[in-house]
Structures are given as C-alpha cells and as structure tokens.
Amino acid sequence: MEQKAPQAEGGRSGRATRARILQAADELFYAEGIRATSADRIIAEVGITKVTFYRHFPSKGELVVAYLTRQAAAERGWITGIRRTGDATASLDALAAGIGAASCSPGFRGCAFINAAAEFSDPGDPVRAAVEEHRSWMLGEFAAIAHDAGATDAASVARQLMLLRDGAMVNGYLGEPESVAGALTTAFHAVIGAPAR
C-alpha cells in the first residue's frame, strides 16, 4: 500500500496551523491584551510545539502585526460593505448602527487598533505602523464620506468623524453601550450638517 507523504508545512496543513494560531491570537489578544498574552499561552491554546509556532511566526511581534492585518481586513470589508457612495447620511447611519451593535456584544473591548496603540507607544514599532496604516485608510473613508456630504474641507471633517468614532468605541467599552448608536448618529449628523433621518 502506498503511503502518503506528510504535508509540507507550507501546504494545507501548514496553512491550517497558521490559521489556528491567528484565531487563537485574535481571541486572546483582544480579550486579554497583547502584552498580557504570551507566545507560550497561544502555543498551549493551539496545541502545537514552540518549533511549529516559530516556524510560522519567528517573533511575537510578527504575530501581532498579522493579527492587526487580519483585524484590518475584517473592518475594511465591513465598512466597504455598508458604505453608500454618494449618500453620506446613509453611510454614517450604518456605521453608527454597526458600532452601537458591536459595543453591545458580549466580550466587546473597544477598538483593537486603539488598544494596540495603547500597548505599543514606540512610533517606530511595526505594530504602530500596522495601526497607522489602517487608521489612515479609515481616515480616507471618512474623507470620502465628508466629500459625499459636500464638505468644503473634507480632511478636517474626516478627522472630526474619526474622533467621534474613536470616542464611541471607547464609550461602548467603558460607558453605556446601549446609547452608543443613537449618540453617535446624532454627533455624525451634527458634523456633516445633515438632519437625522
């Protein structure tokens, strides 16, 4: 009987292992904090050896960047999915509703990027670069929404919308999550000068 050769680490088995490591990192980094979660904790959670872990992620820093890249892809997919080009009010209403719903979800701990920035203060750290890349993308989305609203200074309006989004994410974690969507909707409308629907 012919025996199958074991899957190379770069094959399906390797991809599955990498995905399991990232899934564990997603859950643990978000729930317990990045610095509080050791590589050993993730290794134990996934049930792999240190050699296997470090084959996929030569350092914990590389895993953190991969975690943030994954978070960014998910958030970008969500935002582009709800965005209504040409209709700033509908876009902002959908964003506010989504942030409000997320902040009421069990285990909500705010924005993964704000949390990561709080743990990694060195602006030269690759983790901060990953945070800044995603936040720059988000600022661009807010600028496009501001443009849709007819703002004469879309960059300034985008910064205001981003501040409101950030505050809502923190408020949902520390304050009254049930009121986040309504308050954020009202604040968004005030910034773009549109009446609430």
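My entries follow, from the whole chain down to one residue.

**Ground rules.** I am working with a predicted model, where local features need pLDDT of at least 70, side-chain atom pairs count only at pLDDT 80 or more, and totals for chains, interfaces and linings use all residues. Residues are numbered from 1 along each chain as its sequence is written, and side-chain values use heavy atoms, with hydrogens and water left out.

**Whole chain.** I looked up the secondary structure and got 9 helices and 0 strands. Helices here are DSSP runs of H or I with at least four residues, strands are runs of E with at least two, and both are numbered from the N terminus. Along the sequence the pattern reads α-α-α-α-α-α-α-α-α. The C-alpha atoms fill a box of roughly 70 × 35 × 35 Å along the principal axes. Of the 197 residues, 40% count as buried (under 20% relative accessible area with a 1.4 Å probe, protein chains only; exposed is over 50%, partly exposed in between). I also checked the contacts (heavy atoms within 4.5 Å): among those with a separation of 6 or more, 67% come from residues 24 or more positions apart.

**H1 on H4.** Next came the helix pairs. Axes are lines fitted to C-alpha atoms, for helices over the stretch in contact, with angles from 0 to 180 degrees between N-to-C directions. The axes of H1 and H4 come within 10 Å and cross at roughly 85°. That makes H1 roughly perpendicular to H4 (65 to 115 degrees; under 35 is roughly parallel, over 145 roughly antiparallel, the rest oblique). On the H1 side I noted Arg-18, Leu-22 and Phe-29 among the contact residues, and on the H4 side Leu-63, Tyr-67 and Arg-70 are among them. By class, this contact has 10 nonpolar, 2 polar and 4 charged residues. My classes: Ala, Val, Leu, Ile, Met, Phe, Trp, Tyr, Cys and Pro are nonpolar, Asp, Glu, Lys and Arg are charged, and the others, Gly among them, are polar.

**H5 on H7.** H5 (residues 88–103) and H7 (residues 126–148) pack at about 140°, axes 8 Å apart. The pair is therefore oblique. H5 brings Ala-88, Ser-91, Leu-92 and Leu-95, while H7 brings Phe-142, Ile-145 and Asp-148. I get 5 nonpolar, 1 polar and 1 charged.

**H8 on H9.** For H8 and H9 (residues 180–192), the axes come within 10 Å and cross at roughly 170°. They are therefore roughly antiparallel. The contact splits into 10 nonpolar, 3 polar and 1 charged.

**Largest pocket.** Which residues sit closest to the centre of the largest pocket? I found Gln-71, Glu-75, Ala-102, Phe-108 and Met-169, out of 23 lining residues. The volume is about 500 Å³. H4 gives the most to the lining, with 5 residues. By class, the lining has 16 nonpolar, 5 polar and 2 charged residues. For the record, a pocket is an open set of points on a 1 Å grid over the protein atoms alone, where a 1.4 Å probe fits, with protein on both sides within 12 Å along at least five of seven lines; lining residues have an atom within 4 Å of a point.

**Thr-17.** Last entry: Thr-17 is in H1 (residues 12–32).

Definitions and conventions. Points joined across faces, edges and corners; volume = space filled by probe spheres on them.
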